Amino acid sequence: MHSFFNPTSPQARAVAHLWWWMLGVGGVIWIGVAAIAVYAALANGGHRESDDLQHVSPDTHSRMERVVGVAGFATVLVLVGFLIYDFAVGRALAQHPQRGLTIQITGQQWWWEVEYESPDPSQRLVTANEIHIPVGEPVQFKLRAADVIHSFWAPNLNGKRDLIPGYMSTIWFKADTAGVYRGQCAEFCGLQHAKMAFYIVADPRPKFNAWYAASSQPHQTPTDSTLLYGQRVFMTSGCAVCHTISGTQAQSNVGPSLSHLESRSTIAAGTLANNHANLMGWIVNPQAIKPGTRMPAIPLEPNQLTALVAYLESLK
Ligand SMILES: [Cu+2]
């Protein structure tokens, strides 16, 4: 799933082809050189070096010089060939499509904020760690970092690109095949760097549109009394200081948006499957699961916790 050997975009395929060519040509040359070295050692067996050098005829000597010259030239030729090939791949990757979806990704210690750009502000969508894209369409990613340098790397879809504080870099790709592709922060960014994964979910356009429309819906105030209590716990226990739930007063982006938490398959940036037990465990003590994470453990009564989790699970 998380593999460079299984490219599913023209961009990743170009990089993979370059790599295979380099491995192939480099391998053939290495085998050739090793074979010649072995041959030289065996053919020379029995003679001492000083004898050989003195008894080489001028003819043999100039032939040897020619062989070395040709080999040197061939080396330069191969390197120049790869330089041109590499440069062409780099240029192809750097060409940005003018059309298509644009998604802003902000790397944070240790999760990914995802914001879909739209000229219509009401159509902008903010989510986290799970990036839905339409299959077969170019998607542009604008990458920034909120704190330290991170690196956006979904190997099946493209190479790495650093997220640098105070600077916006861009990358784009087009997924050919629908599927879920894992990505990972590829630049050491602190304690929980290893637990900073993300998923790219490539869906056919209609399915993507349905997801987008559902995710853009603000929540109604719950009518069920447990859920209502859970919402009150959320608003009064400090959760709202850091998180957003659309349609409520919680509008902070210190932590991931929880507006449609239940539509995501994992929590804490790919660390845990999103299920009841893990959600409970996470809220009781996030520091036990991801030590150092920017979410504190907040003491809650058992009935508060139950209602709070029920409320979060209603955020479809
Ligand atoms: Cu990171």
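Which residues in α5 meet which residues in α8?

## The model

This is a predicted model, where local features need pLDDT of at least 70, side-chain atom pairs count only at pLDDT 80 or more, and totals for chains, interfaces and linings use all residues. Residues are numbered from 1 along each chain as its sequence is written. Helices here are DSSP runs (H or I, at least four residues), numbered from the N terminus.

## α5 on α8

On the α5 side we have Thr 226, Leu 227, Tyr 229, Gly 230, Gln 231, Val 233 and Phe 234, and they meet Gln 304, Ala 307, Leu 308, Ala 310 and Tyr 311 in α8 (in contact means C-beta atoms, placed from the backbone, within 7 Å). By class, that's 8 nonpolar, 4 polar and no charged (Ala, Val, Leu, Ile, Met, Phe, Trp, Tyr, Cys and Pro are nonpolar, Asp, Glu, Lys and Arg charged, the others, Gly among them, polar).

Helix α5 (residues 225–236) packs on α8 at about 100°, axes 7 Å apart (axes are lines fitted to C-alpha atoms over the stretch in contact, with angles from 0 to 180 degrees between N-to-C directions). That makes α5 roughly perpendicular to α8 (65 to 115 degrees; under 35 is roughly parallel, over 145 roughly antiparallel, the rest oblique).

## α6 on α8

Helix α6 (residues 276–284) and α8 (residues 302–313) have axes that come within 10 Å and cross at roughly 125°, so the pair is oblique. His 276, Leu 279, Met 280, Ile 283 and Val 284 of α6 make the contact with Leu 305, Leu 308, Val 309, Leu 312 and Glu 313 of α8. That contact has 8 nonpolar, 1 polar and 1 charged residues.

Note on methods
Helices (H or I, at least four residues) and strands (E, at least two) are DSSP runs, numbered from the N terminus. Two residues are in contact if their C-beta atoms, placed from the backbone, lie within 7 Å.
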